[in-house]
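Subject: Structure handover

Hello,

Here is the structure I said I would pass on. My notes on it follow below.

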Amino acid sequence: MHKRIFRYIARHKYAASIVIFVALIAYLDSNSLYNRYQLYKEEQILQDEIAAYKNQYERDTRLYMDLQHDPNAVVRIAREKYYMKNENEDIYLFDDEAAQ
């Protein structure tokens with residue numbers, strides 16, 4: 001059995017070398033295809049985070065500019081975001097999910 005395997009390998013030296021080389025590159029190397037795929041997935045996650053942070057930065061910049069130019073913007077933001085009110089007002093919150 002072993003003799004047949006060695007004879008087959010001896011006859012097909014180049015094919016066996018290529019198979020061993022591909023196995024080394026694909027699985028055993030520190031820059032293997034598996035590791036490269038894991039790094040690619042991590043890069044995609046980080047790119048998504050960067051895009052989210054850029055959107056948040058742009059939103060916060062617009063909000064900051066509104067606060068700088070509109071004196072009523074502070075009142076509007078306090079009412080919308082933090083549910084603040086005047087002393088003679090009542091606030092009613094409606095939950096969209098509960099209505100369904």
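A salt bridge is taken here as a side-chain nitrogen of Lys or Arg within 4 Å of a carboxyl oxygen of Asp or Glu. By that rule there is one salt bridge. It joins the side chains of Asp66 and Arg76, at 4.0 Å from N to O. Asp66 belongs to helix H3 and Arg76 to helix H4, so the pair ties together parts that are ten residues apart in sequence. Helices are DSSP runs of H or I with at least four residues, strands are runs of E with at least two, and both are numbered from the N terminus.

On the basis of the notes: this is a predicted model, in which local features need pLDDT of at least 70 and side-chain atom pairs count only at pLDDT 80 or more, while totals for chains, interfaces and linings use all residues. Residues are numbered from 1 along each chain as its sequence is written, and side-chain values use heavy atoms, with hydrogens and water left out.

Confidence is given as pLDDT, the predictor's confidence in each residue, from 0 to 100. The protein chain has a mean pLDDT of 84, with 95% of its residues at 70 or more. Helix H3 (residues 33-69) has the highest confidence, at 93, and helix H5 (residues 96-99) the lowest, at a mean of 61.

For accessibility, buried means under 20% relative accessible area, exposed over 50%, and partly exposed in between (1.4 Å probe, protein chains only).

Helix H2 (residues 13-28) gives the largest share of the patch, eight residues. Leu28, in helix H2, is exposed at 66% relative accessibility.

Ser32, in the loop between H2 and H3, is buried at 2% relative accessibility. Apart from neighbours within four places in sequence, Ser32 contacts Ile25, Ala26 and Tyr27 (heavy atoms within 4.5 Å).

Phe94 sits in the loop between helix H4 (73-82) and H5 and is exposed, with a relative accessible area of 75%.

Regards
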